[in-house]
Amino acid sequence: MIKVIICGALGRMGTTIANMVVENPNLEFIGGVDIREGSILGKPVVSSEKLPAFIDEFRPDVMIDFTVAAATMVNAKIAASKGVALIIGTTGFTPEQDVELTAAIKNVPVVKTTNFSVGVNIFWELVRDAASRLGDYDIEVIESHHRNKKDAPSGTAKTILKIIQDEVGKREVIYGREGMTERKTEIGMHVIRGGDIVGDHAVQFHQNYETIELTHRAYDRAVFARGAVRAAGWVPTAAPGLYTMKEVLGL
């Protein structure tokens, strides 16, 4: 049985993941970490200050973290120092934080990605294939999320951009447009924030007389939680190193 601890356990995403862990016969939910202490599903939730002692007492195999960059930097370092494998779905890291975190967690197996949805990971492969064939098309990326999402563009959109640039080469990125803006070879990036949108991403390839559009739309946070739980069942047997859902899914 794989023992799992969840960061942000009292939040919406943490609660969703905890319920899925409990339903998985191969995983055991043993508790969580959050800003405030409490309990969920009969298991204790502690603050970051008490995380080292919690790990020593309960010996988790995996820690799942879908919080914010500052919290992940603290909790992931603690877990990695004690040999706990990591599932990291947090986005919004600065380049400097990314370098620091990668160095701190290099001695344990880690699945870290901007999107744990199985569908999104297939979507990324479709985008890669399309970009490799449509490099002479005008390319636009559009992402939409709920009004409370703090980072923009989304981590998923940034991954889309990287995939496209891997295939078509480095191009200028225009974040929205205003004024007299003649279309050249840039990639357009557009961000929408409103309501309770879970997560929509689209890539458009335009040429005279035709448009090709690839779209992924998430209707519930459960799609991200499901992927994270799947990764939690995979990561304990992996060698130390940094992985994505591509390895988990065998893509």
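**Figure 1. The side chain of threonine 90 lies 3.1 Å from the backbone nitrogen of threonine 67.** The model shown here and in the following views is predicted. Threonine 90 belongs to the loop that runs between strand E6 (85-88) and helix H4 (95-104). A further polar contact, of 3.2 Å, links the side chain of threonine 90 with that of aspartate 65. Not counting residues up to four places away in sequence, threonine 90 touches Asp65, Phe66, Thr67, Val68, Ala69 and Thr72. The relative accessibility of threonine 90 is 5%, and the residue therefore counts as buried.

**Figure 2. Arginine 183 reaches two backbone oxygens with its side chain, that of isoleucine 139 and that of glutamate 186.** The loop between strand E9 (173-175) and strand E10 (187-193) holds arginine 183. The distance from the arginine 183 side chain to the backbone oxygen of isoleucine 139 is 3.0 Å; to the backbone oxygen of glutamate 186 it is 2.5 Å. With neighbours within four places in sequence left aside, the contacts of arginine 183 are Asp138, Ile139, Glu140, Arg177 and Gly188. Arginine 183 has a relative accessibility of 27% and so counts as partly exposed, since values under 20% are required for a buried residue and values over 50% for an exposed one. Lysine 77, at 106 residues from arginine 183 in sequence, is 45 Å from arginine 183 in space, C-alpha to C-alpha.

**Figure 3. Helix H5 (residues 118-133) packs against helix H6 (residues 155-168), with axes that come within 8 Å.** The two axes cross at roughly 30 degrees. H5 is therefore roughly parallel to H6, because angles under 35 degrees fall in that class. The crossing of H5 past H6 is right-handed. On the H5 side, the contact is formed by Val120, Phe123, Trp124, Val127, Arg128, Ala131 and Ser132. H6 contributes Thr156, Thr159, Ile160, Ile163, Ile164, Asp166, Glu167 and Val168. By class, the residues of this contact comprise nine nonpolar, three polar and three charged.

**Figure 4. Histidine 216 of strand E12 is in contact with Val120 and Phe123, among other residues.** Val120 and Phe123 are also among the H5 residues that meet H6. When neighbours within four places in sequence are left aside, the contacts of histidine 216 are Ser117, Gly119, Val120, Phe123, Gly199, Asp200 and His201. Histidine 216 counts as buried because its relative accessibility is 14%.

**Figure 5. Helix H1 (residues 12-23) packs on helix H7 (residues 222-234) at an angle of about 50 degrees.** The axes of the two helices are 9 Å apart. This angle makes H1 oblique to H7. H1 passes H7 in a crossing that is right-handed. Met13, Thr16, Ile17, Met20 and Val21 represent H1 in the contact, and they meet Ala222, Phe224, Ala225, Arg226 and Val229 of H7. Eight nonpolar residues, one polar and one charged make up the contact of H1 with H7.

**Figure 6. Leucine 41 and tyrosine 209 have positive phi values although neither is a glycine.** For leucine 41, phi is about 55 degrees. Leucine 41 sits in the loop between strand E3 (38-40) and strand E4 (43-46). With a relative accessible area of 43%, leucine 41 is partly exposed. For tyrosine 209, phi is near 80 degrees. Tyrosine 209 is placed in the loop between strand E11 (199-207) and strand E12 (210-218). Tyrosine 209 is exposed, its relative accessible area being 86%.

**Figure 7. The peptide bond between alanine 152 and proline 153 is cis.** Omega for this bond is about -5 degrees. Proline 153 is located in the loop that runs between strand E8 (138-145) and H6.

Note on methods: Residues are numbered from 1 along each chain as its sequence is written. This is a predicted model: local features need pLDDT of at least 70, side-chain atom pairs count only at pLDDT 80 or more; totals for chains, interfaces and linings use all residues. Side-chain values use heavy atoms; hydrogens and water are left out. Helices (H or I, at least four residues) and strands (E, at least two) are DSSP runs, numbered from the N terminus. Buried means under 20% relative accessible area, exposed over 50%, partly exposed in between (1.4 Å probe, protein chains only). A polar contact is a pair of N or O atoms within 3.5 Å; within protein, one must be able to donate a hydrogen and the other to accept it, and residues adjacent in sequence count only if both atoms are side-chain atoms. Contact means heavy atoms within 4.5 Å. Axes are lines fitted to C-alpha atoms, for helices over the stretch in contact, and angles run from 0 to 180 degrees between N-to-C directions. Angles under 35 degrees count as roughly parallel, over 145 as roughly antiparallel, 65 to 115 as roughly perpendicular and the rest as oblique. A crossing is left-handed if the near helix is turned anticlockwise from the far one by less than a right angle, and right-handed if clockwise. Ala, Val, Leu, Ile, Met, Phe, Trp, Tyr, Cys and Pro count as nonpolar, Asp, Glu, Lys and Arg as charged, and the others, Gly among them, as polar.
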